[in-house]
Amino acid sequence: MSFSIVTMALRRALPAVFLATLLNSASAKDLLVVQVAPLSGPQGVTGKAVQAGAKLYFDHINAQGGIGGNQIRLLSRDDENKPEETVRLVKESLANEQPVAFLGSVGTNNIEALIRDGSLARANTPLIGPLSGASSMIGAPATYVVKATYRDEVESLFKQLGQTGQSKVGLVYQDDGMGKDVLNSADNASSKYSIQLVARAGYERNTLKVENAVDSMIKAAPQSIFLGATTAAAIEFVRQYRQKGGVATIYGLSIIDTQQLLAKLGPALARGYAFSVVMPLESKTTLPLIREYVRLKESAKDANLTARSIEGFIAAKALVNALKQGGASGPATAKALSGSKFDLGGYTLDFTSSKRTGSTFVDFAMIGDNGRIVQ
């Protein structure tokens with residue numbers, strides 16, 4: 001029996017309102033967005049935070065009827081922060097599900113593995129909001145970074161330290177692609193701004209083995225320490241360093257979740273911790289973007305919404321802009337993103353140049369008395 005005959009029969013048998021709902025739901029198509037990221041282990045908190053931020057905005061759009069009547073469905077898969085798993089799960093999703101986009105993968109090594117594999121480029125399906133500011137992300141095919149690079153962060157920090165006369169700096173870094181990018185950036189910026197790197201100490205990727213790094217910094221006694229670390233390792237470093245009497249000002253890379261750090265360490269140990277800001281803080285309520293985020297967050301009451309969630313929220317908002325331009329497939333979404341510029345409410349993403357990430361915004365803030373953020 002043809003679809004038109006079935007429709008005519010339904011029109012006779014069913015009330016008009018119910019029939020319209022039924023037919024619309026039958027023709028509606030989910031717009032699938034896939035997140036491949038760590039949802040367990042030391043980096044699990046980051047993957048879940050980004051997932052929560054993206055879901056917050058997608059739920060808001062879905063409650064308004066979705067995009068052209070189509071609902072956005074976010075599917076998250078745990079790669080356990082293993083690059084080979086990231087690649088396998090992305091390729092599996094491309095083959096079986098044909099998502100309109102990927103969102104919020106975590107880790108420089110993981111994303112570099114995806115770029116080398118080339119599966120996203122071959123499928124012309126975008127990855128938006130990958131959580132890495134490594135230089136290798138700039139201009140990578142099908143990769144749309146929504147924040148400044150680590151190089152931008154280090155450059156801004158060392159310039160500021162040079163201006164304030166702090167010439168002796170220690171560097172703690174994760175021993176992987178991210179850490180090496182931070183280390184190279186620090187080497188370049190230190191000579192430019194008359195900074196002396198008096199100590200460098202790495203720690204093993206995806207672990208909390210920071211004891212040697214703590215001892216190195218205690219021995220070298222720098223005026224400031226820059227942490228090119230992930231959240232869990234950064235928290236452990238700050239804890240051990242302060243407990244051993246370390247007094248240097250600690251500056252953390254933007255990827256470190258300050259809400260988690262404050263919650264785990266408490267206001268006393270966290271006081272004086274400074275950090276890069278590459279996305280607007282929740283306190284920046286002069287921005288329409290932040291007012292929207294805070295309003296939706298208060299209604300959602302999701303325990304996984306942390307300081308890192310704004311990155312997922314921004315990536316989701318940029319993706320929705322692309323989907324509204326007709327991104328009903330991976331290639332269509334990539335076309336809508338490429339060469340575009342989006343004002344998301346006081347935070348602009350500019351994908352018109354392949355020589356930079358979507359944003360170059362960098363600022364700094366510090367945890368003050370009673371856990372208050374001072375910018």
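Residues are numbered from 1 along each chain as its sequence is written, and side-chain values use heavy atoms, with hydrogens and water left out. Because the model is predicted, local features need pLDDT of at least 70 and side-chain atom pairs count only at pLDDT 80 or more, while totals for chains, interfaces and linings use all residues.

**Aromatic pairs**

The structure holds five aromatic pairs; rings of Phe, Tyr and Trp (its six-membered ring) pair if their centres lie within 6.5 Å. Planes under 30 degrees apart count as stacked, over 60 as edge-to-face and the rest as tilted.

Select tyrosine 144 and phenylalanine 351. Their ring centres are 5.3 Å apart and their planes stand at 85°, so this pair is edge-to-face. The pair joins distant parts of the chain, 207 residues apart: tyrosine 144 is in strand β5 (residues 143–144), and phenylalanine 351 is in the loop between β12 (348–350) and β13 (363–367). Helices (H or I, at least four residues) and strands (E, at least two) are DSSP runs, numbered from the N terminus. Tyrosine 144 is buried at 9% relative accessible area, and phenylalanine 351 is buried at 10%. Buried means under 20% relative accessible area, exposed over 50%, and partly exposed in between (1.4 Å probe, protein chains only).

Next, select phenylalanine 237 and tyrosine 241. This aromatic pair is stacked, with 5.5 Å centre to centre and 10° between the planes. The two residues are four apart in helix α10 (residues 231–243), so about one helical turn separates them. Phenylalanine 237 is buried, at 1%, and tyrosine 241 is buried, at 2%.

Then pick Tyr57, Tyr293 and Phe313, which form one aromatic cluster.

**Histidine 60**

Move to helix α3 (residues 44–63), where histidine 60 lies. Histidine 60 is buried, with a relative accessible area of 17%. Residues up to four places away in sequence aside, histidine 60 touches Glu292 and Leu296; contact means heavy atoms within 4.5 Å.

**Nonpolar cores**

A nonpolar core is a set of buried Ala, Val, Leu, Ile, Met, Phe, Trp, Tyr and Cys residues joined through side-chain atoms within 4.5 Å. The largest has 72 residues, of which Phe58, Ile72, Leu103, Ile128, Phe158 and Ile314 touch the most other members. Select helix α13 (residues 309–324), which gives the most to this core, with 10 residues.

Now centre on isoleucine 72: beyond its neighbours within four places in sequence, its contacts are Leu31, Val33, Phe58, Ile61, Asn62, Ile67, Val320 and Leu323.
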